[in-house]
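Let's take a walk through this structure together.

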Amino acid sequence: MSTSAEERVRRPAAAQEGPGSWAREQLGTLKELLDKPLTTYYLIIMCSALLLALGLMMVLSASSIEALAKTGSPFSWFIKQSLSAAVGVPVMYLCSRLPVKFFRWAGYPLMALSIIALVMVLFIGSAELGAQRWIYIGPFTVQPSEPAKLGLVLWGADLLSKRVRQGRIEWRQMLIPLMPGTAILAVMVMLGRDLGTTLVLFMIFLSLLWVVGAPVKLFGGIMALAVLAALIMIKVEPYRMARIGAFLDPWADAQGAGYQAVQGQIAMGSGGWFGLGLGESRQKWNWLPHGESDFIFAILGEELGLMGTLIVVALFGLLGYAGLRVAVRVNDAFTRLAAAAMVAWIVGQATVNMGAVLGVLPITGIPLPLVSYGGSSLLPTLAALGMLLSFAKREPGAREALAARGPGPAVRALSWLGLGGTSKGRATR
């Protein structure tokens with residue numbers, strides 16, 4: 001036998017069969033990974049942690065110049081965002097440990113408190129940039145429309161899951177009282193001139209109806225009403241008409257209504273493939289309005305380039321996949337509805353924000369979840385992701401896999417401090 005023949009015999013079968021076999025082997029490995037019971041759980045943690053870390057880094061970069069001019073310290077807004085994250089991460093952890101029945105119950109008081117707070121905004125709230133959204137409590141700012149999204153998710157999911165259990169899934173049973181409750185939130189938010197949050201509430205509402213199996217005709221009717229309401233809101237507010245005009249042709253009024261959109265496009269175009277470098281943005285030097293909040297994606301694109309923006313898009317895509325995977329794999333109707341509605345909220349809001357920065361959607365003034373500056377947005381989002389982690393533990397085989405993994409780092413840290421212990425330690429005592 002020749003040397004070449006011997007090499008062919010010793011060569012692995014996959015290599016002899018060519019690249020097609022290698023691709024099938026990799027797909028098999030990926031399928032095996034996706035079939036593991038804790039894949040969703042770790043995907044949620046990974047995507048949330050990376051987006052939060054990236055957000056803190058970008059808030060520091062995007063806000064430093066304006067913070068220095070207004071407060072005398074370039075770290076002022078970064079410190080506030082870090083404090084919000086320091087509160088939000090333990091809230092996320094706590095929510096990941098809570099049972100499903102707690103979330104079923106929590107939707108009702110959260111919904112009621114949201115409505116009360118939205119009414120308060122109309123009387124004691126502060127109006128900025130044409131919208132009345134904020135309540136100032138000392139040095140802190142609260143935006144009640146943000147926790148209202150979480151309230152609608154929980155309340156709506158519990159309402160529809162009860163209808164499913166009782167066998168009442170006719171369209172009238174689907175809409176009442178879900179539609180009036182959503183309408184109350186939407187009207188309160190619209191009175192505060194916040195069309196972007198109204199759009200997110202509408203996405204949550206539609207996602208709940210879609211998952212519960214609403215007929216297509218019902219969606220058509222609701223969409224027609226929504227379009228009519230949007231046209232009326234745009235018509236009665238001159239600044240919204242200006243935004244639509246700026247969306248269609250921002251360069252026609254680059255120093256007026258189209259200024260923010262134009263500056264955002266300049267920032268994105270300046271980044272190229274790999275960006276100017278972290279902290280090297282030019283647009284944050286008082287050129288791009290709200291670069292730390294609504295348009296932080298533009299600063300990210302300028303400093304980290306196309307590769308950075310694609311990473312952010314991929315992370316939101318994976319987060320959405322994980323949420324839908326939970327919705328598909330669990331058996332409980334409430335869990336399925338709540339998980340799907342959270343995907344519609346977080347991923348839908350991210351899509352609207354990034355679309356506005358890229359110029360493919362009108363500017364609505366909503367933040368990029370986990371990335372934009374603002375504790376009022378960050379805390380409910382982290383709480384929702386913690387809840388999604390709690391749901392992921394209820395996937396088939398997830399509890400057993402977690403039990404086999406042993407105590408987590410938090411439990412081990414408590415045991416080291418003498419404040420807790422592992423189940424094994426307690427058993428020996």
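What you're looking at is a predicted model, where local features need pLDDT of at least 70 and side-chain atom pairs count only at pLDDT 80 or more, while totals for chains, interfaces and linings use all residues. Residues are numbered from 1 along each chain as its sequence is written, and side-chain values use heavy atoms, with hydrogens and water left out.

Start with the overall picture. The chain holds 19 helices and three strands; these are DSSP runs numbered from the N terminus, with helices being H or I of at least four residues and strands E of at least two. Of its 429 residues, 47% are buried, meaning under 20% relative accessible area with a 1.4 Å probe, protein chains only (exposed is over 50%, partly exposed in between). If you take contacts between residues at least 6 apart in sequence, 71% of them join residues at least 24 apart.

Now find helix 15, residues 333-358. Its axis comes within 8 Å of that of helix 10 (residues 195-212), and the two cross at roughly 145°. Here axes are lines fitted to C-alpha atoms over the stretch in contact, and angles run from 0 to 180 degrees between N-to-C directions. Among the residues making this contact are Val 200 and Ile 204 of helix 10, and Ala 344 and Trp 345 of helix 15. By class, the contact has 13 nonpolar, three polar and one charged residues. Nonpolar covers Ala, Val, Leu, Ile, Met, Phe, Trp, Tyr, Cys and Pro; charged covers Asp, Glu, Lys and Arg; the others, Gly among them, are polar.

Helix 15 also meets helix 16 (residues 375-392), with axes within 10 Å and a crossing of roughly 145°. Trp 345 takes part in this contact as well, and helix 16 brings residues including Pro 380, Thr 381 and Phe 391. The residues divide into twelve nonpolar, four polar and no charged.

Which residues touch the most other members of the largest nonpolar core? They are Leu 209, Trp 345 and Phe 391, in a core of 98 residues. Such a core is a set of buried Ala, Val, Leu, Ile, Met, Phe, Trp, Tyr and Cys residues joined through side-chain atoms within 4.5 Å. Helix 15 gives the most to this core, with 14 residues.

Finally, look at Asp 294, in the loop between helix 13 (259-271) and helix 14 (296-329). Asp 294 counts as buried because its relative accessibility is 18%. Leaving out residues up to four places away in sequence, Asp 294 touches Asn 353, Val 357, Gly 365, Ile 366 and Pro 367.

Terms used
Contact = heavy atoms within 4.5 Å.
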